[in-house]
Amino acid sequence: MAEYYGNFIGGNYVTPRRASWFDSVNPANREECLGMFVDSGRQEVAEAVDSIVSAAPQWAGTSGTERAAILQMALVALAERKEELARVMTREQGKPLQESLNEIGKSISEAQFMLGEGYRLNGYTTMSEKPGTWAQTVRVPVGPVAAITPWNFPVLTPMRKLMPALITGNTAVLKPSEYTPLTGLKLVEILNSRGLPKGVLNAVTGGRSTGEALVKHHAIKAITFTGSTAAGRSIYKLAAERLVRVQAEMGGKNPAVVWDPPSMQEAVKHIVSAAFLCSGQRCTAISRVIVRKADTAEIEQAFAAALSELRPGNGLENGVTLGPLTNEAQLSKVSGFVQRAVQEGARLVLGGEPLKEGEFAKGFFFPATLLADVTGEMEIAREEVFGPVLIVQAVETFEEALAMANNVEYGLTAAIFTKDLSVAGRFVDGIQAGMVHVNHGTAPESHMPFGGVKASGVGPGSVGPTTKDFFTDIKSVYLKHS
Ligand code: NAD
């Protein structure tokens with residue numbers, strides 16, 4: 001019998017009297033149901049928001065350093081229950097257990113930086129135009145926050161939103177993805193388990209309409225969203241009607257340019273890891289490799305060899321390095337992209353079809369896939385696939401490589417592998433991306449701004465010092481003392 005989970009409100013699971021329910025299944029075995037969850041409507045959302053509104057004055061009135069101490073205890077609880085949460089994540093999202101553990105570890109290290117912000121919520125003091133007057137700025141919490149998150153990083157992404165929202169004095173409601181509701185609820189339950197005042201952090205489950213109800217709720221003053229560009233656009237429009245600010249982190253079509261690298265072997269290793277972790281379902285996944293025409297054969301061979309070593313399977317099994325895709329829609333979406341690429345003239349080097357034999361038939365498995373002879377006009381070169389698919393694009397000059405790298409609507413992250421300093425410099429200056437890596441995959445660090453430009457991001461980057469600009473307002477104070 002599946003377990004039924006209410007929303008997490010005011011420190012407890014709360015089941016509405018008349019709820020509609022949806023399920024969450026294991027993508028490695030669709031017969032395994034992880035639980036039944038409330039498809040929250042306006043009323044359930046209002047209950048969660050009322051609760052964070054009530055908790056807001058006391059939390060905003062707690063000093064930043066005291067909030068840091070309370071949240072530190074929440075992190076201790078998260079570290080202690082890391083194994084348990086990682087197993088839930090792998091069963092619900094699909095990624096190999098070690099990746100789930102790493103994700104929680106990364107969330108904790110980003111949060112450690114963020115809790116230090118409790119000591120750094122500073123404004124500035126400047127000269128006044130008037131004598132006997134101090135002119136200064138102070139930061140105040142923006143107001144109750146809604147955090148809406150996707151399924152690919154069901155702990156890291158919520159943590160990237162909740163920790164900065166809370167440390168800056170806001171209360172928050174999380175709406176996790178409808179594909180990973182259990183991981184989201186468990187995370188919020190754990191964070192609430194060590195002294196966080198009740199109602200400071202709640203969670204409601206549901207899909208798009210639940211997210212919309214949150215965005216439209218009059219008491220929500222800021223929306224931090226991660227997900228598809230289409231949903232981000234829709235949220236931005238709705239929020240604009242209420243003049244409410246939005247931080248949106250969206251899709252990517254991230255290039256890696258390989259141009260006389262210091263070591264081809266190292267470049268391939270970095271790119272494979274950046275492209276295939278989480279089965280390629282990362283906004284920062286490298287999905288395009290741009291190379292010199294003369295190097296294509298060597299690079300194709302190196303990638304084909306590295307990809308053949310990835311082992312698909314259930315993420316709870318030892319040795320598995322490529323989990324399933326997270327849901328059936330993803331499986332058909334990724335297959336469709338590959339089929340159309342081949343119809344448009346791309347050459348399939350490896351993979352390409354869903355895995356159906358034996359145990360694979362139970363889940364949503366797609367193999368590591370490599371496509372070559374891809375031109376800039378093809379759909380596969382422009383649209384986000386969000387799966388274990390890498391394409392190789394060949395050009396003659398570095399200028400063409402840079403133009404090709406920029407010729408997409410997205411601008412999240414990018415990498416170049418080269419030993420030529422001038423090529424590296426021109427790439428860093430010319431690439432339209434929020435993050436850029438030289439001789440390194442696209443893994444970001446825990447204290448650096450994270451975000452994109454163009455259709456990949458709006459609002460200050462999350463992670464690192466920029467994120468407090470989203471979660472606080474600046475108040476200018478003129479204090480005439482004599
Ligand atoms: P999605 O946009 O379908 O859903 C994301 C979240 O938004 C879910 O919780 C969903 O219920 C909610 N939602 C959807 N439409 C909404 C609407 N109109 N109003 C309010 N809420 C709405 O995205 P997904 O399929 O869960 O995730 C995949 C996408 O997320 C990819 O495009 C990926 O690139 C992007 N992503 C971006 C980043 C980043 O940091 N840039 C990180 C992870 C994922």
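1. Let's start with a term: contact here means heavy atoms within 4.5 Å. Leaving aside neighbours within four places in sequence, T472 is in contact with R139, V140, P141, V142, T168 and R245.

2. A word on what you're looking at. This is a predicted model, where local features need pLDDT of at least 70 and side-chain atom pairs count only at pLDDT 80 or more, while totals for chains, interfaces and linings use all residues. Residues are numbered from 1 along each chain as its sequence is written, and side-chain values use heavy atoms, with hydrogens and water left out.

3. Back to T472: where does T472 sit? You'll find T472 in strand β23, residues 472-480. (Helices, H or I with at least four residues, and strands, E with at least two, are DSSP runs numbered from the N terminus.) T472 counts as buried because its relative accessibility is 4%; buried means under 20% relative accessible area, exposed over 50%, and partly exposed in between (1.4 Å probe, protein chains only).

4. Now the charged pairs. Side chains of opposite charge can pair when their charged atoms come close. With a salt bridge taken as a side-chain nitrogen of Lys or Arg within 4 Å of a carboxyl oxygen of Asp or Glu, the count comes to 26 salt bridges. Among them, R81, E84, K186 and E189 are linked in a network.

5. Have a look at helix α4 (residues 97-116), which holds both E110 and K106, four residues apart, or about one turn of the helix. Their side chains meet in a salt bridge at 4.0 Å, N to O. E110 is buried at 6% relative accessibility, whereas K106 is partly exposed at 21%.

6. E117 forms a salt bridge with R120, and the closest N and O atoms are 2.7 Å apart. Buried or partly exposed: which is E117? E117 is buried, with a relative accessible area of 1%, while R120 counts as partly exposed at 34%.

7. D373 and R347 are worth a stop too: their side chains meet in a salt bridge of 2.9 Å, N to O. D373 lies in the loop between β16 (369-372) and α12 (379-382) and R347 in strand β15 (residues 347-350), so the pair ties together parts that are 26 residues apart in sequence. D373 is partly exposed at 44%, and R347 is partly exposed at 34%.

8. Next, an open sheet of three strands, in the order β1-β5-β4 with mixed pairing. Strands β1 (4-5) and β4 (21-26) stand at the edges with a single partner strand each, so one side of each has no neighbour in the sheet. Strands β4 and β5 (residues 29-38) run antiparallel and are joined by six bridges; two strands pair if DSSP finds at least two bridges between them. In this pairing F22 stands opposite F37 of β5.

9. Last, the surface. V428, V436 and V438 make a nonpolar surface patch of about 180 Å². Patches are made of residues with over 30% relative accessible area and no salt bridge, like charges being joined within 9 Å and nonpolar side chains (Val, Leu, Ile, Met, Phe, Trp, Tyr) within 5 Å; areas come from the Shrake-Rupley method with a 1.4 Å probe, and for residues only the protein chains shown count as cover. V436 is in strand β20 (residues 435-438) and is partly exposed at 34%.
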